[in-house]
Amino acid sequence: MGSLSSDILVGVKNLRMYFPIHAGVIRQHKVAEVRAVDDISLEIGKGQTLGLVGESGCGKTTVGRCILRVYLPTGGRVFFEGEDISTLGEARLRPLRHKMQFIFQDPFSSLDPRQSAGSIVGEPLKIHHRLSASEYRDRVAELFQMVGLSTSMFNRYPHEFSGGQRQRIGIARALATNPTFIVCDEPVSALDVSIQAQITNLLEELKNRLGLTYLFISHDLSVVRHLSDEIAVMYLGRVVEITSWRELYENPLHPYTEALLSAVPIPDPFVEERRQRIFLEGDVPSPIRPPSGCSFQPRCCKAIRECKEVVPQLHEMGQGHKVACIRA
């Protein structure tokens, strides 16, 4: 991936993010490092949604923050609109900031409790746009209506809203600068199930209406299938499988993906009774000392000796289906 084709909005090539661990009285000695993201390559087409799934701690959120340059990657390249932004300084990044936004997992802790809802939604407008007072009020009102909130709520504070309403405020704030790309970091995981569907439908409606591109991060495969065009499965800092959502559900090739799908409940008692649940033994290895070879091999029922010796790379299995497993 020397450069991106015109229909690709976001791409990463061999992305790595290692967090150093220091020791000593003034923490001057580096003694180890946490390999949160370890050699990931992805592409997201314009107007598309890539679902990024995996269990907690696998590095999903770190990938999103590296793409938005909240973190400076340890290695690899990040492309946005065809430009390599992985090493850009803040002065050159600033004009791109309004095009890339973030929706946070916790809709309460991500909102300033001392600001009113109108002020929270309007703050990006003050930073990135020069608007008159009337233009500012009209734009904030438009954003409130866009996410299904009443303009009478302008002066309320975050503690006066429900969880779903707070997340709508977070979405409105992300939309304020007319972005083209949004990282949705588990935006429904902290909400009640009934509210999850409302927020998911809202995100899908906004994507179609505004032509947005999403990186949708989740640990729930049943949620990402409703929004995603493609799904990438992560395990211990690496992508182990990536394909269209339909192909992933109908023909999973990686043992870890098979285990994740077996845990997704099916609303049919007859099918649920007959299918076999795959239970993974042991715990997730530490990203400080990852296992040799395939990172999943200590828990894999299909592992052979070569799995401890070879680090599997993503390889094409046909129809855009890629998997990192020597047994596939």
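Predicted model: local features only at pLDDT ≥ 70, side-chain atom pairs only at ≥ 80, totals over all residues.
Residues are numbered from 1 along each chain as its sequence is written, and side-chain values use heavy atoms, without hydrogens and water.

I placed Thr257 in helix α9, residues 255-262 (helices are DSSP runs of H or I of at least four residues, strands runs of E of at least two, numbered from the N terminus). Setting aside neighbours within four places in sequence, I listed Val233, Glu241, Leu248 and Pro252 as contacts of Thr257 (heavy atoms within 4.5 Å).

I then turned to Ala259, also found in helix α9. Ala259 is buried, with a relative accessible area of 5%. Beyond four places in sequence, Ala259 touches Ile278 and Leu280. I recorded a C-alpha to C-alpha distance of 7.3 Å between Ala259 and Leu280, which are 21 residues apart in sequence.

Finally, I examined strand β9, residues 230-235, and found 5 of its 6 residues buried. Strand β9 runs parallel to β3 (residues 49-53), joined by 4 bridges (pairing requires at least two DSSP bridges). I saw Leu52 opposite Ala232 of β9. With β10 (residues 238-244), β9 pairs in the antiparallel sense over 6 bridges; there, Ile231 has Thr243 as its bridge partner.

Key: Buried < 20%, exposed > 50% of the residue type's maximum accessible area, 1.4 Å probe, protein only.
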